[in-house]
Amino acid sequence: MNHTFVTEFIILGLTRNPETQEVLFVVFLCIYLVAFLGNMLIVVAIIYNTALHTPMYVLLLALAIVDIICTTSIIPKMLWTILTSEKTISYNGCMSQLYFFTWSLGAEMVLFTTMAYDRYVAICFPLRYSTIMNQSMCVALLSIVMAIAVTNSWVHTGLILKLTFCGPNAIDHFFCEIPPLLALSCSPVRVNEVMVYVADITLAIGDFTLTCISYGFIIAAILRIRTAEGKKKAFSTCSSHLIVVSLYYSPVIYTYIRPASSYTFERDKVVAVLYTLVTPTLNPIVYSFRNKEMQAGIRKVFASLKH
């Protein structure tokens with residue numbers, strides 16, 4: 001049987017309505033700029049200020065870099081397809097986008113857990129924090145994050161590369177994600193589905209559980225704080241962190257826990273916006289811009305630019 005192998009894909013995007021596309025272009029461009037500039041500001045502020053060279057801020061630096069890679073691997077191409085109506089992406093371009101997205105997905109999930117552990121140690125063992133979270137521990141945690149992220153992306157991208165795409169090449173999504181690619185495959189996708197399911201259980205559900213356990217211990221420690229002001233401030237920080245974390249993990253778990261045959265792309269595309277754009281935009285606001293030390297670091301950056 002003769003197969004014509006796909007050399008490029010067509011990205012259908014969020015909608016095919018021209019008027020809606022114009023609105024989406026403006027909205028997504030604004031959100032992307034906020035996400036990119038916000039995370040870039042965090043990167044510059046932490047690198048520039050030696051006072052911020054501590055485990056907590058190094059982890060925030062890593063999160064900001066991951067968010068920049070995640071959004072930049074997806075949104076500019078999406079905006080370009082809306083602006084020019086050039087909806088094609090090469091096979092190699094699609095696989096590259098998939099690799100960087102799955103890398104950032106894995107890295108972000110493990111980073112959330114690592115950051116929750118850092119806060120757990122800081123709040124529950126304040127006197128031992130500098131001993132436990134020393135430079136060696138920080139390097140070890142970041143190495144684990146990188147190893148898991150690279151393994152996650154290599155496994156999923158490698159398995160997609162083994163598939164045969166010979167028929168329809170229209171991806172019913174706004175970027176090259178695993179579910180819509182599996183739907184286009186001419187070859188069996190059972191192994192892919194199993195590995196996606198395993199990754200969802202271990203990475204998404206596993207990390208989310210560990211993160212919640214860490215915050216559970218943190219909340220228990222907060223309840224022992226005697227001052228009402230201290231409790232209020234700590235609860236405010238914890239609740240905002242948990243909301244952002246839930247906003248990220250919930251749609252990821254929802255998307256990848258199901259077999260390819262059960263995907264509903266019209267709904268899933270909207271869900272994907274939460275973990276590809278909304279969370280990377282909220283992360284700088286929730287984790288960094290509300291922090292007084294980070295605010296001081298950012299002011300130093302702007303002061304140096306004036307001079």
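**Salt bridges and burial**

Modeller: Gladly! Arg119 is partly exposed, at a relative accessible area of 21%, because buried means under 20%, exposed over 50%, and partly exposed in between (1.4 Å probe, protein chains only). This is a predicted model, where local features need pLDDT of at least 70, side-chain atom pairs count only at pLDDT 80 or more, and totals for chains, interfaces and linings use all residues. Residues are numbered from 1 along each chain as its sequence is written, and side-chain values use heavy atoms, leaving out hydrogens and water.

Colleague: What makes Arg119 and Asp118 a salt bridge?

Modeller: A salt bridge needs a side-chain nitrogen of Lys or Arg within 4 Å of a carboxyl oxygen of Asp or Glu. The N to O distance for Arg119 and Asp118 is 2.9 Å, so the pair qualifies. Three salt bridges are counted by this rule.

Colleague: Why is Asp118 called buried?

Modeller: Its relative accessible area is 1%, so Asp118 falls under the cut-off for buried.

Colleague: How do you know that Lys269 and Asp172 form a salt bridge?

Modeller: Their N to O distance is 3.0 Å, so this pair also meets the rule. Lys269 lies in helix H9 (residues 265-289) and Asp172 in the loop between strand E3 (170-171) and helix H6 (178-184), 97 residues apart. Helices (H or I, at least four residues) and strands (E, at least two) are DSSP runs, numbered from the N terminus.

Colleague: Is Lys269 buried or exposed?

Modeller: Lys269 is buried, because its relative accessible area is 3%.
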